[in-house]
Amino acid sequence: MERLKGAVGGGGARLAPPPEYQALADGLMITTEAAWAWYVIATTNSDLLSEESRDAQVERATAALSSTLAGATIHLKVMWAPEPADAYVDEMAGTYAAGDWQRWAAERADRLDELALPVRWVLLGVRIGTRSVTAAQRVASAAGVGRVGVTGKELAEWHAKARRLGRRLESSPWQCSPAAVSLLAWMVAREQHRITPVPAGEAGVISGAVLAALTEGRAVPYPDHVRMIGADGTTAAWVSVLTMPGFPLRMETPGTAEWVRMLAEISYAADPDPELDDDPDGFADLLSAVNPELSLRARVLPKRQAVSLAGRARKAAREQQRSAAGSRSGDAGRMVEQTDVVMADLLADLAQGETTLVEDHPRIVVTSTRSLDDLRARTDAVITYYGDIGVEVRVGAEEQGDLWVETWAGDQLRVPDLGHTRGADALAATWFWGGARVGDESGPVVGYLTGSTPGTVRLSLKATAARNSATTVALIGRSGLGKTTTMAMLLLDAVMSGGWALVLDFKGDLGGVSEAARAYGLRAPLVETDRAMAGAADLMVLLADAGREIARTEVPAQLGMVVPAHLRAQGAEVVVQAATNAVMSERGAATWRVIEHLMTSADPLARATGEALFELSETPLGAPFMGRPPAHGEAPPLSSEPGLLTVQMPGLSLPGIGEDRSGWTSAQCLSVGLMHSMLAYGVIMAGRRDRRTLLKAVGVPEVHVLTATPEGRRFLDYIARVGRALGTHLLLDTQDAETLAGMPGILEQITTLMGFQMTSTEQQNALAQMLGLEPGPETRALIHSLGIGSGEQVHRGHCIVRDHRDRVAGVQIDLPTDDLRQLLSTSPEASAARDARAEQALATAAGGHQ
């Protein structure tokens with residue numbers, strides 16, 4: 001009888017029946033009573049926004065509430081869903097194609113299961129109209145003897161209205177997009193806490209008995225919670241709905257005004273559960289996320305009604321003040337005085353059209369699938385957290401059933417006496433769309449967010465290639481904090497995708513990349529530069545297709561770098577340039593021919609320079625870029641087959657950061673010259689015609705050595721531009737942010753930047769600038785804190801990422817297994833272990849041949 005009374009209007013909203021869903025479609029929910037448009041709100045990176053940008057976002061959000069949603073009834077929901085780890089392998093089948101990619105993807109899926117990172121969904125529902133339903137139809141539907149259907153014509157009309165509103169909301173700070181019908185079905189079904197597959201509707205519409213089945217759950221209300229009964233008759237979950245009856249009169253942003261965004265920050269000390277925890281002896285002091293959800297129903301008042309309401313409130317406050325003035329105490333109270341001031345400010349804003357009023361009714365929903373005690377521990381944590389910032393939160397005692405149904409999408413306000421009327425800017429200041437978001441929308445998972453909202457981070461070189469945009473990834477930070485390991489993982493992902501990758505191992509500590517690739521069934525040769533590779537990385541040959549002028553500049557610069565200092569002091573660079581010009585006009589131009597030309601010159605300085613260069617070209621470091629190829633033919637080119645090629649350069653001696661070039665040894669000069677050539681070797685060879693359709697990437701560690709000289713900076717700038725033109729990704733690993741920040745040509749080519757810890761003020765400011773953050777004490781402290789854990793713990797891989805959309809967020813790069821972590825480690829201990837394994841393998845092979 002109560003259900004029927006609610007259907008005809010008797011007994012008030014508390015007695016109204018739950019919403020009866022008639023149809024779900026993309027962006028649309030239709031109940032017996034009304035039609036609602038539903039949109040997904042995109043997350044904005046509020047964590048690292050400057051104060052100026054934050055204020056601008058809040059102003060735009062206030063304007064959207066005051067204009068686009070003026071007069072609207074809205075329902076804001078913040079929900080959490082588990083990361084779908086079980087679907088990850090199937091998802092990556094469209095990305096990976098080489099080696100044992102199934103195991104590679106399965107290990108990542110297992111790691112996602114272990115992390116159990118929730119995904120935050122923020123949805124906005126807007127009531128777009130009331131349906132024309134007769135009282136008789138409503139009563140019959142409520143009694144279960146009839147059903148109000150939805151015609152195709154009616155559905156099309158509601159769709160058109162939802163799309164019109166959606167176009168306006170798309171340009172708001174929330175970047176709204178229509179919620180998919182599958183998402184709406186999940187939202188409806190999850191309230192019942194039943195494991196039910198989301199149905200697939202015909203033509204994108206779910207209706208009829210299929211839709212009705214989503215709400216067949218059973219709930220038993222208690223004074224302080226609702227117990228959800230599963231299909232097997234046991235308790236599936238305990239749910240408590242909390243009300244928020246008291247807020248401070250003034251709240252700051254950044255700060256306590258952002259109470260909606262703060263939902264993700266609430267944690268509690270969960271009691272170990274032997275049946276659920278891997279560690280039954282777990283520590284009580286380890287905090288777990290509460291993941292409370294929000295259901296906020298609101299009505300955005302039209303301007304005229306808002307002005308009238310604010311005027312009445314101020315008038316009442318002034319009357320109280322006048323009344324108090326005539327009393328014996330003469331004091332109206334601080335609250336009354338504050339109300340008068342706040343209403344005066346609000347009326348001024350309303351007069352300027354900058355805001356309006358919102359009547360909102362916030363509810364926080366806390367859920368536990370473990371026990372009632374666990375629910376109460378979570379609830380206490382929420383109440384305590386908000387109490388610390390002056391927000392009063394209570395369990396909705398004796399009204400749990402009504403409050404719970406009120407949280408359903410498509411329902412109505414049932415408990416109207418627990419709401420607030422405040423400026424639209426107050427709702428905007430909650431930053432319900434704020435948090436952390438960075439990376440690609442699809443592709444390999446490489447880590448997780450470390451900001452105010454949890455979630456996975458995906459980075460895909462394949463997606464970058466598809467965008468046909470900049471192709472350089474920069475990894476910047478101090479040594480030993482995970483830059484090179486991160487680069488190696490990105491390269492492995494590229495090769496798993498059927499790509500070709502080259503790793504330039506300047507320090508000899510990246511052999512583990514090849515070992516890891518082979519462990520997953522990938523082709524992964526490892527070669528060392530020596531005299532047998534004479535001429536294989538000759539810049540004059542490599543740059544021939546790019547035009548003679550670039551070779552005319554770069555080859556003398558490279559040779560001038562390795563010419564002994566005493567010859568440079570006599571003007572050797574001039575004779576090298578002259579010899580280069582002469583050889584460039586001949587067929588078969590090559591660097592070794594420049595050296596021969598110098599050696600046969602009549603000029604004593606030229607001969608001495610040529611003889612010195614010839615001797616250097618006979619060394620393992622000099623032969624690859626200026627030695628004469630073997631008589632039987634040219635040095636073998638890089639293989640055109642997909643896979644990962646690691647080139648190691650034994651004996652390389654690299655100068656340190658800031659080390660003056662005049663003090664470089666001969667070995668250091670040769671090492672830098674070889675770096676130049678090997679970088680060109682990788683990029684130019686990657687652009688060969690037989691690789692045009694391949695995903696291509698070149699990993700370049702120790703880039704700060706190149707950027708230490710004018711010649712190196714110019715060459716790196718050129719190679720980055722060529723790499724983009726040839727569709728080749730450059731992954732640049734450097735410890736010198738300051739120099740890189742002063743190279744606009746390189747900065748223009750960067751699609752993704754990953755900033756790790758820096759300690760000097762100059763380097764921190766430069767890194768902040770490249771990340772798009774405002775240099776200052778707070779930003780420097782943030783950069784300095786990267787990778788620092790409690791005690792002696794170091795979080796390698798902790799960084800700040802700026803993606804191709806200029807979104808910036810904190811990220812923890814995460815390797816899925818300990819075995820992979822050991823293989824990709826560049827520590828001396830890991831290198832020694834790899835050498836020992838290699839020696840053991842050689843010994844085993846030798847024994848097998850005996």
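Two strands pair if DSSP finds at least two bridges between them.

A word on the source. This is a predicted model, where local features need pLDDT of at least 70 and side-chain atom pairs count only at pLDDT 80 or more, while totals for chains, interfaces and linings use all residues. Residues are numbered from 1 along each chain as its sequence is written, and side-chain values use heavy atoms, with hydrogens and water left out.

Now the overview. The protein has 32 helices and 29 strands. Of its 850 residues, 52% count as buried. Buried means under 20% relative accessible area, exposed over 50%, partly exposed in between, with a 1.4 Å probe and protein chains only.

Why call β28 largely enclosed by the rest of the structure? Because 5 of its 5 residues are buried. In a regular strand, side chains alternate between the two faces of the sheet. In β28, H798, I800 and R802 lie on one side, C799 and V801 on the other, and all are buried.

What about its partners? Strand β27, residues 750-755, pairs with β28 in the antiparallel sense over 3 bridges. There, M754 has V801 as its bridge partner. Strand β29, residues 808-813, is also antiparallel to β28, over 5 bridges. R802 stands opposite V808 in β29. The hairpin of β28 and β29 has 5 residues between the strands, and D806 there takes a positive phi near 65 degrees.

Next, the cores. A nonpolar core is a set of buried Ala, Val, Leu, Ile, Met, Phe, Trp, Tyr and Cys residues joined through side-chain atoms within 4.5 Å. The largest has 89 residues; L504, M626, L679, V700 and L730 touch the most other members. Which helix gives the most to this core? Helix α24, residues 666-686, with 13 residues. Another core, of 59 residues, lies apart from it and includes A61 and L294.

Last, the rings. Rings of Phe, Tyr and Trp (its six-membered ring) pair if their centres lie within 6.5 Å; planes under 30 degrees apart count as stacked, over 60 as edge-to-face, the rest as tilted. The structure holds 10 aromatic pairs. W404 and W408 have ring centres 5.3 Å apart and planes at 90 degrees, so this pair is edge-to-face. W431 and W433 are stacked, at 4.5 Å centre to centre and 25 degrees between the planes. Ring pairs link W174, W431, F432 and W433 into a cluster.

Note on methods:
Helix = DSSP H or I, 4+ residues; strand = E, 2+ residues; numbered from the N terminus.
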